[in-house]
Number of protein chains: 2
Amino acid sequence: MTTEATSGAGRHARGPHTVSTVADLRAQVQAWRGEGLRVALVPTMGALHEGHMSLIRRAKMLADRVVVSVFVNPTQFGPNEDFGRYPRQLEQDRFKIGMAGGHLVYAPTVEEMYPAGFATTISVSGVSSGLCGDARPGHFDGVATVVCKLLLQALPDVAIFGEKDWQQLAVIRRMATDLNVPVSIEGAPIVREMDGLAMSSRNAYLTDDERAVANHLYKTLKQIADDIDEGVDVGQACAWGMGELGRKGFAAVDYLEVRDAETLEPVDTVTRPARVLAAAFLGKTRLIDNVACGVKG
Amino acid sequence: MTTEATSGAGRHARGPHTVSTVADLRAQVQAWRGEGLRVALVPTMGALHEGHMSLIRRAKMLADRVVVSVFVNPTQFGPNEDFGRYPRQLEQDRFKIGMAGGHLVYAPTVEEMYPAGFATTISVSGVSSGLCGDARPGHFDGVATVVCKLLLQALPDVAIFGEKDWQQLAVIRRMATDLNVPVSIEGAPIVREMDGLAMSSRNAYLTDDERAVANHLYKTLKQIADDIDEGVDVGQACAWGMGELGRKGFAAVDYLEVRDAETLEPVDTVTRPARVLAAAFLGKTRLIDNVACGVKG
């Protein structure tokens, strides 16, 4: 592989150079780092939307070269979850990555990531308890393991993750710190649709009717955060939110909680930065979102 | 920290330069690698004997600079094991490391390795099942996690482990492969006393009477391997070995088994390289050993 397999002019039109093996990925990243260039990794599961674009743009502010991985990781899906129907659209993704200024796409196969005999699992206790950790058993083991692999495969200077998956970001930070992974972990703010709905690849599952009410997840969380910041009791605010989501058409609420922003421990009274987090179903589609609270107080 | 904190002449007499933080370790290793020098890591729990010396000498054949870590890792000891009385003798160890030609000693505190909030565990299934994995629940999680940390803290080109802990070596190889740890893992042959006893820091626990019969662990395993290579049935050979260890004074045998040398799966008939492995108690001291079989056949 050459250092720059495609010329700058042609790259964006056709999409950036794409590799599918650890060896090719490492060769390119090491070549860049050997030239003194700073490299960022943006791990994604593809089906890229404006939220991912914002991660790539943030990566470009932090580094000279941006690698975007596209891998729908089977080990973070439960047996009854949407691994099979999760959207896969690599050519569209490559085009979008090029438009956002990404320099390299890493799209490994499942066999490249988990060859025969694979037997290792990373578990993070504490921050992975409750919330999505309870609703999706094994999910964060799958996330921690695949992210550790991606970080050590690419060995970038920095990796960028979205704050929409707040608990995931907390698990990844903990894993990387605990295992001394030599990569800096950066969070990037949630990107929302005009009406407030957090951008998500899963929004594509929503029917028109579901899409019309989906933004009430954000609106409800924001109202809870504002209420708490104005002195309303945490339990009372959450109880109102549970009812509100039901009234707006959410079929089931996996959780709606206020947690410490960093340790993710449950909080009864907000005395330092906290996060209001929820996961709720519209039809068969599970949406998650979170907003800050206690930041001013 | 300077690149070479002590001069070559004085270093061996006083022991090599010693660091206790990840930051100092990384600064030194990165300085060396930046100069184009190849770096090896020899992870140890201290109480160094001739077996460790052979690992350091092997490391010197594979690299330009050798880092020896000395850390008695609490998470790989069970609640009723010998963590508290495990021998600690850093000054003697530093002297020995210097004599063997090691260039840097890394002796972190427990707090440096496991700061408050530490919450991550690496588990390896398959190769960690049975043998010491059954006798010492959680042991290989502790080993896999601390070794991953040491490898990512030091980021050497290569790390060397003794074949005496054959199952441990298999677990470490699996973990490093599965997580794409960018370090080459090398095994080094067992070093034995004149009478055949495998060198071990735990040999220091043996009374004179126990030491006099301890070599029968090796003799018995060697006899089993020879018998199997000459056509004796695996089950029959192991049954004889169990009896023999009892006759020679071993109080209890945790296991005595023949396993595939690589996958560690149990084997009934030896058709490819295998290993005869045992763990047995002399008094309160648990000794382990292993020998090759099926290598000729």
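How many salt bridges are counted between domain 1 of chain A and domain 2 of chain A? The count is 1 salt bridge, a term that stands for a side-chain nitrogen of Lys or Arg within 4 Å of a carboxyl oxygen of Asp or Glu. The side chains of A:Asp82 and A:Arg202 meet in a salt bridge, with 2.9 Å from N to O.

Before we go on, a word on what you are looking at. This is a predicted model, in which local features need pLDDT of at least 70 and side-chain atom pairs count only at pLDDT 80 or more, while totals for chains, interfaces and linings use all residues. Residues are numbered from 1 along each chain as its sequence is written, chains are lettered from A and ligands numbered from 1 in the order in which they are written, and side-chain values use heavy atoms, with hydrogens and water left out.

Let us start inside chain A. The domain assignment, which is automatic or from a database, gives domain 1 (8–188) and domain 2 (201–291). Taken over C-alpha atoms, the centres of these two domains of chain A are 26 Å apart. Their contact (heavy atoms within 4.5 Å) takes 22 residues from domain 1 and 17 residues from domain 2. Between them about 1700 Å² is buried, 55% of it from carbon and sulfur atoms; buried area is the accessible area (1.4 Å probe) that two parts lose on being put together, summed over both. Of the area that domain 1 of chain A buries against domain 2 of chain A, A:Arg85, A:Leu131 and A:Trp166 supply 40%, more than any other three residues.

Now turn to the partner chain. Here 25 residues of chain A are in contact with 25 residues of chain B, and about 2000 Å² is buried between the two chains, with carbon and sulfur atoms giving 54%. On the chain A side, A:Thr120, A:Leu179 and A:Asn180 lose the most area to chain B, together 28% of what that side buries. Between chain A and chain B the count is 0 salt bridges.

Strand S5 (120–124) of chain A is joined by 5 bridges to strand S5 (residues 120–124) of chain B, and the two run antiparallel. Strands here are DSSP runs of E, at least two residues, numbered from the N terminus, and two of them pair if DSSP finds at least two bridges between them. Within this pairing, A:Ile122 stands opposite B:Ile122.

Methods. Helix = DSSP H or I, 4+ residues; strand = E, 2+ residues; numbered from the N terminus.
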